[in-house]
Amino acid sequence: SWLYGIGKQNFIAKFLEWAKSNRTLKIADNEISTPTYTGTVVWIALKAINNGIRGLYHLVSDDYCSRYEWAKFISEILELDNSIEPVDKDIFKLPAKRPEFSAMDNTKIKKELGISIPDWKMDLRYFLFDMKFRT
């Protein structure tokens, strides 16, 4: 999954930096996963520990999207006026090979804990709202 939170080593921080210096941004539309806020990971991990849960679980937000959809949603929430173009991930010639689809399924941990997990859009809204008040 695509983790993000406070700090500079995540897609959101990089996207916002790119947006400052580029009117048009090219973002991969064929790389799909689950953006997940680190705050959500901490909340669920602590809940699992407190409930004595053991085993292997996928701890991610609900639903998935492409990096392009993620960037468009960030831009929409923050009311950025950059143009965002969908492109094939291969144009970036990244050193590491990445799968096109890497979304994880959180059904097992939700069932085990008897909880619902916010979808990536709700998590992103919360994070960006919180981020506004930290700066």
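Helix α2 spans residues 38–50 and contains L46; helices here are DSSP runs of H or I with at least four residues, strands are E runs of at least two, and both are numbered from the N terminus. The model is predicted: local features need pLDDT of at least 70 and side-chain atom pairs pLDDT 80 or more, while totals for chains, interfaces and linings use all residues. Residues are numbered from 1 along each chain as its sequence is written, and side-chain values use heavy atoms, with hydrogens and water left out.

L46 is partly exposed at 47% relative accessible area (buried is under 20%, exposed over 50%, partly exposed in between, with a 1.4 Å probe and protein chains only). Together with V42 and I49, L46 forms a nonpolar surface patch of about 300 Å² accessible area. Such patches take residues with over 30% relative accessible area and no salt bridge, joining like charges within 9 Å and nonpolar side chains (Val, Leu, Ile, Met, Phe, Trp, Tyr) within 5 Å; the areas come from the Shrake-Rupley method with a 1.4 Å probe, and for residues only the protein chains shown count as cover.

The whole structure has five salt bridges, each a side-chain nitrogen of Lys or Arg within 4 Å of a carboxyl oxygen of Asp or Glu. One of them joins K26 and E85 at 3.2 Å, N to O. K26 lies in strand β2 and E85 in strand β6 (residues 83–87), so this pair ties together parts 59 residues apart in sequence. Another joins E17 to K20, with the closest N and O atoms 3.1 Å apart; these two are three residues apart in helix α1, about one helical turn.
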